[in-house]
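Please open the structure in your viewer and keep the selection tool to hand. The stops below go from charged pairs to aromatic rings and then to one helix.

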Amino acid sequence: MQESLFDDRTMQDPLASRLRPQSLKEYVGQRHILGEGKVLTNLIESDRIPSMIFWGPPGVGKTTLARIIAKQTKAAFIDFSAVTSGVKEIREVLQRGEDARRMGEKTILFVDEIHRFNKAQQDVFLPFVEKGSIILIGATTENPSFEINGALLSRCKVFVLQALSEGDITQLLHHALASEKGFGQITINMESDVCPLIARFANGDARTALNTLEMVILNGDIHDGTITINRDILEQCIAKKSLLYDKNGEEHYNLISALHKSMRNSDVQAAIYWLARMLEAGEDPLYVARRLIRFASEDIGMADSRAVEITTAVYDACHDIGMPECSVHLTHAVTYLSLAPKSNALYLAYEKAKKDALEQIAEPVPLHLRNAVTSLMKGLSYGKGYQYAHDHADKLTDMKCLPDSLRDACYYRPTMMGSEAKVTERMKAIQAWKAKHRK
């Protein structure tokens, strides 16, 4: 029954391939460089295409855009992969470009994953790019400043392609459902939230979105010539249950709030659970790691200063190895923060100081705290009366450092939690010394 709904022509190629845009008008996304009056559009329309590097995440249309450029500028298009080709193949392709140039024809050489070539291989392109034998368009997911030979990079214009928005991907999905190249000839009954959920799951990758849509439709319930698609089918296809959530919506903030408050309440079991909920729903581990670094100072602070060291190290680990491996590092940090002594004294200190900074008259910096780096400044008494703490046995002086209007302000009030108990004693000792030695 199911096979009768899909003829061979419709199913012979993947959906993403069948729907590949053939013109800039059909192309979705990258409005910052494409569209009326934009740089790349002007270059294409005036047929003044330079060698270029397209830098962006997977599935944002780097190859498609290169093909459109070749078609619109009437240039020969050679698709070349850095994964499967060596120097010999490079030279052969470049020579073809040079032969075409001598015949008055332009050649666009598209090199996917150009960062996979080593510097010696990249050097082979240089004379051909300089001579104009080819117009090189390289695609990379890595920062070209680090991965592309400097000499070659200097001869290329770099365009940064951005991950597609959920709106862009939802538009592509609706087009796939309506187009005859997609599923326009098939009757599909789809729950309204399926396309938005696929768009969120795709995380800016059009190819992932279209592949997911194709899988969902192929696994839909067929009855009387109609395919029915619901959220349950989507969850089965992407191995995600009701964890799907909008990273910019309410549930996103609900979950991070639950994680934060569980750690603050020293409930390690709950904190680990909410962490898992976020990560398994597809949350960016670096977002979680950043929030943990903030928590380390906002809710623990001087009660255990190692919290900042650990969370910063965990952020680096997440950046270097990514998911799923970094989930254990985040669990390490969440557990440490949950069990650490708590103090919000640093948070309160800054908020109080910020209030004074914004609301009080902005008094000038006292003269004795200013650096006298010129003779004029010295003549104006900059630095006069400054007391260098290291010149004194106790490393303390009775010098005032706040403006006169705030001379008795107290922002940081340490607690007796964890290491902050020692901080409390140290501050009391400093205050007693200053009271004793104050003139």
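Is glutamate 113 buried, exposed or partly exposed? The model you are looking at is predicted. Select glutamate 113: its relative accessible area is 26%, so it is partly exposed.

**Helix α5**

Next, select helix α5, residues 87–102, and find glutamate 98 and arginine 101 in it. The two residues form a salt bridge in which the closest N and O atoms are 2.8 Å apart. They lie three residues apart, about one turn of the helix. Glutamate 98 also forms a salt bridge with arginine 102, where the closest N and O atoms are 3.1 Å apart. Here the spacing is four residues, so glutamate 98 and arginine 102 are again separated by about one helical turn.

Colour these residues by accessibility. Glutamate 98 has a relative accessibility of 2%, and because buried means under 20%, it counts as buried. Arginine 101, at 34%, counts as partly exposed. Arginine 102 is exposed, with a relative accessible area of 60%.

**Other salt bridges**

How many salt bridges does a search of the whole structure find? The search finds 14. For a network of them, select Arg264, Arg294, Glu298 and Asp299, which are linked by salt bridges.

**Aromatic rings**

Turn to the rings: the count of aromatic pairs comes to four. For one of the pairs, select phenylalanine 77 and phenylalanine 110, whose ring centres are 6.1 Å apart. Their planes are at 20 degrees, and planes under 30 degrees apart count as stacked, so this pair is stacked. The pair links distant parts of the chain: phenylalanine 77 is in strand β2 (residues 76–81) and phenylalanine 110 in strand β3 (residues 107–112), 33 residues apart. Phenylalanine 77 counts as partly exposed at 24% relative accessibility, whereas phenylalanine 110 counts as buried at 0%.

Then move to phenylalanine 117 and phenylalanine 125, with ring centres 5.9 Å apart and planes at 50 degrees, so the pair is tilted. Phenylalanine 117 is buried, with a relative accessible area of 3%. Phenylalanine 125 is buried too, with a value of 0%.

Arginine 18 lies over the face of phenylalanine 183, at 5.8 Å from the ring centre. The charged end of arginine 370 sits over the ring of tyrosine 382, 4.9 Å from the centre of that ring.

**Helix α17**

For the last stop, select residues 306–321, which make up helix α17. At 1.5 Å a residue, its 16 residues should span 22 Å, and the end C-alpha atoms are 23 Å apart, which agrees. Which residues of α17 are buried? They are Ala307, Ile310, Thr311, Val314, Ala317 and Cys318. Look down the axis of α17: these buried residues fall within an arc of 115 degrees, so they line one face of the helix. On the other side of α17, His319 and Asp320 are exposed.

Show α16 (285–300) and α18 (327–339), which are included in what covers the buried residues of α17. Finish at glycine 322, which follows α17 and has a positive phi, near 65 degrees.

Definitions and conventions: Residues numbered from 1 in each chain as written. Predicted model: local features only at pLDDT ≥ 70, side-chain atom pairs only at ≥ 80, totals over all residues. Heavy atoms only, no water. Helix = DSSP H or I, 4+ residues; strand = E, 2+ residues; numbered from the N terminus. Expected span 1.5 Å × (residues − 1). Buried < 20%, exposed > 50% of the residue type's maximum accessible area, 1.4 Å probe, protein only. Arc of directions from axis to C-beta. Contact = heavy atoms within 4.5 Å. Salt bridge = Lys/Arg side-chain N within 4 Å of Asp/Glu carboxyl O. Phe/Tyr/Trp six-rings, centres within 6.5 Å; stacked < 30°, edge-to-face > 60°. Lys NZ or Arg CZ within 6 Å of the ring centre and 35° of its normal.
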